[in-house]
Every structure is written in structure tokens, then in C-alpha cells.
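Please consult the sequence and the structure shown below while reading.

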Amino acid sequence: MDYVVRAVRAEEWQRAREIRLVALRDPAAPIAFLETYEQALAKPDVFWQERTAGAAAGEHSCQFIAEASDGLWAGTVSVLVERPAGEPGFGEVAEVDQAHLVGVFVRQGHRGRGVVDALFREAIDWSWSVTGRPLERVRLYVHEANARAAASYRRIGFVPTGRTLPMEGDPTALELEYEIRR
């Protein structure tokens with residue numbers, strides 16, 4: 001695999017914005033993300049600067065990218081630390097100290113090359129190294145109709161927890177929770 005997986009740097013906010021916009025144009029975006037292309041496009045530069053700086057600092061979150069040999073960002077994943085005493089995460093307040101993987105995306109043409117595996121290895125390793133109380137699990141949610149993503153997550157070692165949430169904007173569809181326990 002000719003990719004370098006690393007954390008984003010604060011000054012790379014324009015590249016972080018660009019890969020997010022590409023992700024939101026992907027055919028799977030309506031069931032993979034809770035944001036539209038138009039919503040992301042409307043956000044000011046300062047939003048992207050602050051978001052990328054926070055992810056680069058790696059205190060409560062971290063964004064990883066897979067950079068191809070030509071410099072193209074082929075994929076990304078972000079990790080959010082969720083603690084019981086913290087702000088509610090996706091769905092509800094965390095019951096245990098945990099990490100939540102979000103914003104998973106691999107560009108067309110780079111899929112099936114181990115990019116998502118490498119991104120997840122880095123994200124999970126980072127999660128287990130977070131300072132403070134050790135995280136007990138890493139979780140993510142996947143839309144019930146996103147079979148390709150669910151298969152990738154199971155192959156990597158995530159297992160369904162049985163917890164579900166209604167899909168934001170479509171309460172007839174479900175988001176399925178998957179986890180890896182420490």
C-alpha cells in the first residue's frame with residue numbers, strides 16, 4: 001500500500017474541507033453522513049480552521065488521513081472522545097469512556113486497497129492511547145442500508161451491539177451501532 005496514514009495538521013484546513021466536500025458528493029453520502037454538501041459548503045473558513053486545529057491538537061478528537069504517494073488525500077476518519085461526564089455524543093450521553101469514529105470516507109479509485117483498514121488501525125491505536133481514564137471501547141454507527149461499509153467494519157473486527165437510533169431526517173431508517181471493546 002502506497003499511503004501514509006497520519007493525523008491532520010492545523011494548517012491543512014483547506015485540504016480537510018476539500019476531502020469533506022468530496023465525501024459529501026459521494027453516491028453513498030445521503031446514508032453515510034448527517035450533513036449535506038450544501039451545508040458544508042456554506043460554512044465559513046473559520047469553521048474549517050477551528051475544526052482542523054482541534055482535530056490536529058488531538059486532545060478530544062483527532063482526524064486521520066491516508067495520503068497517497070502523489071499527495072492526494074485518499075481517505076479520512078475522525079475520532080471523537082466521549083466521556084460520561086461530557087457533552088452528549090451521537091444519540092445520547094456516553095455510558096462509558098469511549099471513542100466514536102465518524103466521517104469515514106475513502107475516495108473512489110482508492111477503495112479496496114486497504115485504506116480503510118489502515119485508517120481504522122491508526123484511529124483505534126490512538127483511541128487506546130488517549131490520556132486520562134482508559135477508553136473501554138471504540139464505536140461507530142452505520143446506516144442499515146450501507147452494507148458495503150458494514151462489511152468493512154465487521155472485517156476489521158467491529159461487532160454489532162444491537163443498539164439502534166433512528167436516522168436523522170428519516171425516522172423510518174435505522175443507524176446500527178458497532179463496537180470494538182478494549
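**Strand and helix arrangement**

Strand β3 (residues 73-82) is largely enclosed by the rest of the structure, because nine of its ten residues are buried, that is, under 20% relative accessible area. The model is predicted. β3 pairs with strand β2 and with strand β4.

**Pairing of β2 with β3**

- Strand β2 (residues 61-68) runs antiparallel to β3, and the two are joined by seven bridges.
- Within this pair, glutamate 67 lies opposite tryptophan 73 of β3.
- Four residues separate the strands in the β2-β3 hairpin, where glycine 71 adopts a positive phi near 95 degrees.

**Pairing of β3 with β4**

- Strand β4 (residues 98-106) is likewise antiparallel to β3, with seven bridges between them.
- In this pairing, valine 79 is placed opposite leucine 101 of β4.

**Packing of α1 and α4**

- Two packed helices are described by the angle between their axes and the distance between the axes.
- For helix α1 (residues 13-24) and helix α4 (residues 45-57), the axes come within 9 Å and cross at roughly 105 degrees.
- Angles of 65 to 115 degrees count as roughly perpendicular, and α1 is therefore roughly perpendicular to α4.
- On the α1 side, the contact involves Trp13, Ala16, Arg17 and Arg20; on the α4 side, it involves Asp45, Trp48, Gln49, Arg51 and Thr52.
- Classified by residue type, this contact of α1 with α4 comprises three nonpolar, two polar and four charged residues.

Methods. Residues numbered from 1 in each chain as written. Predicted model: local features only at pLDDT ≥ 70, side-chain atom pairs only at ≥ 80, totals over all residues. Heavy atoms only, no water. Axes fitted to C-alpha atoms, helices over the stretch in contact; angles between N-to-C directions. Parallel < 35°, antiparallel > 145°, perpendicular 65-115°, else oblique. Contact = heavy atoms within 4.5 Å. Nonpolar A, V, L, I, M, F, W, Y, C, P; charged D, E, K, R; others polar. Buried < 20%, exposed > 50% of the residue type's maximum accessible area, 1.4 Å probe, protein only. Pairing = 2+ DSSP bridges.
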